[in-house]
Amino acid sequence: MRNPLVSVEQLVAALDEGDVSPGVVLVDVRWTLNGPPGRPAYEAGHLPGAVYVDLESELTTHGPEGGRHPLPDPDVFQRAMRRSGVSAATPVVVYDGATSLAASRLWWLLTDAGHPDVRVLDGGYDAWLAAGLPVETGPGPAPAAGDFVVESGHRRVVDAEAVAALGRAGTGPVLVDVRAADRYAGENETIDPIAGHIPGAVNRPSMANLTESGGFKAAPEIARAYADLPGEPVLYCGSGITAAHTLLALETVGRTGSIYPGSWSDWITDPDRPRATGPTP
């Protein structure tokens with residue numbers, strides 16, 4: 001399994017050597033929950049040649065079902081990728097401000113759609129700045145349109161019914177809640193209307209996979225954090241975005257898993273679904 005991360009040094013070396021330039025597509029997907037929008041930050045400074053993609057309108061199609069960040073309509077997503085210059089044969093490097101939360105969403109969507117060469121810039125824009133590398137300002141380029149065809153289904157996903165069946169069976173993949181420990185325990189829920197977690201889930205906060213600067217920890221540290229979880233876990237969070245971040249971490253150490261895209265915000269829409277509170281046993 002190829003490492004889905006690329007360091008600033010590796011990206012610069014590849015660009016300088018011409019291995020991926022000018023064919024590489026750089027995508028800026030800066031985003032924060034509940035705002036502010038990422039485009040002003042992008043226009044204030046971004047990697048040279050990077051295009052901006054909006055998570056809320058192009059990587060999500062909001063509707064009455066699927067939680068707070070349902071997966072995007074395939075046509076909407078395909079148009080966004082083609083507008084960005086993405087083709088199946090073109091390497092793609094995605095980044096956000098620092099933590100790779102938003103970038104992992106696009107990484108997951110593109111790989112699920114069948115793109116064979118997508119990586120996340122470890123440490124994001126902050127790491128690029130810290131290295132003293134040049135940036136561009138303004139609205140960004142208008143690249144030649146790509147011809148990428150979205151063929152979703154290359155990633156394993158589960159829905160609420162499958163998660164419920166997993167709980168009833170008591171066997172099979174481990175269900176992992178990757179939100180912060182207090183939200184998992186139901187002690188500090190400020191985003192969703194109901195607090196708690198899916199019964200049977202264990203807690204492994206995704207942010208524990210990062211260093212203080214926002215880059216991912218070394219592979220041995222990440223591997224140890226999940227060593228007690230066998231097989232390919234089922235990951236969920238609040239609305240599917242942070243779950244992709246943990247999947248990204250797992251794939252840096254040669255493991256993988258599946259995602260419940262609707263996650264907690266979808267689970268709680270049915271009052272008959274069970275809920276639990278308290279820390280991981």
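This is a predicted model: local features need pLDDT of at least 70, side-chain atom pairs count only at pLDDT 80 or more; totals for chains, interfaces and linings use all residues.
The largest pocket has a volume of about 430 Å³. Its lining comprises 24 residues, and those closest to the pocket centre are Leu 33, Leu 101, Arg 183, Ile 191 and Thr 242. Two elements, helix 5 (101-112) and helix 10 (241-251), each give two or more residues to this lining. By class, the lining of the largest pocket consists of 11 nonpolar, 9 polar and 4 charged residues.

Leu 71, Arg 105, Trp 108, Gly 240, Ala 244, Ile 259 and Pro 261 form its lining, which divides into 5 nonpolar, 1 polar and 1 charged residues.

Attention may now turn to the aromatic side chains. A pair of aromatic rings is described by the distance of the centres and the angle of the planes. The whole structure contains 1 aromatic pair. This pair is formed by Tyr 42 and Tyr 52, with 5.5 Å centre to centre and 40 degrees between the planes, and is classed as tilted. Because Tyr 42 belongs to helix 2 (residues 39-44) and Tyr 52 to strand 3 (residues 51-52), the pair ties together parts that are 10 residues apart in sequence. Both Tyr 42 and Tyr 52 are buried.

Arginine side chains also meet aromatic rings. The charged end of Arg 30 is placed over the ring of Tyr 125, 4.2 Å from the ring centre. Arg 273 lies over the face of Trp 267, at 5.6 Å from the centre of that ring.

How values were computed. Residues are numbered from 1 along each chain as its sequence is written. Side-chain values use heavy atoms; hydrogens and water are left out. On a 1 Å grid over the protein atoms alone, a cavity is a set of points where a 1.4 Å probe fits but cannot get out, and a pocket is an open set with protein on both sides within 12 Å along at least five of seven lines; lining residues have an atom within 4 Å of a point. Ala, Val, Leu, Ile, Met, Phe, Trp, Tyr, Cys and Pro count as nonpolar, Asp, Glu, Lys and Arg as charged, and the others, Gly among them, as polar. Grid points are joined across faces, edges and corners, and a volume is the space filled by probe spheres set on the points. Helices (H or I, at least four residues) and strands (E, at least two) are DSSP runs, numbered from the N terminus. Rings of Phe, Tyr and Trp (its six-membered ring) pair if their centres lie within 6.5 Å; planes under 30 degrees apart count as stacked, over 60 as edge-to-face and the rest as tilted. Buried means under 20% relative accessible area, exposed over 50%, partly exposed in between (1.4 Å probe, protein chains only). A charge sits over a ring if NZ of Lys or CZ of Arg is within 6 Å of the ring centre and within 35 degrees of the ring normal.
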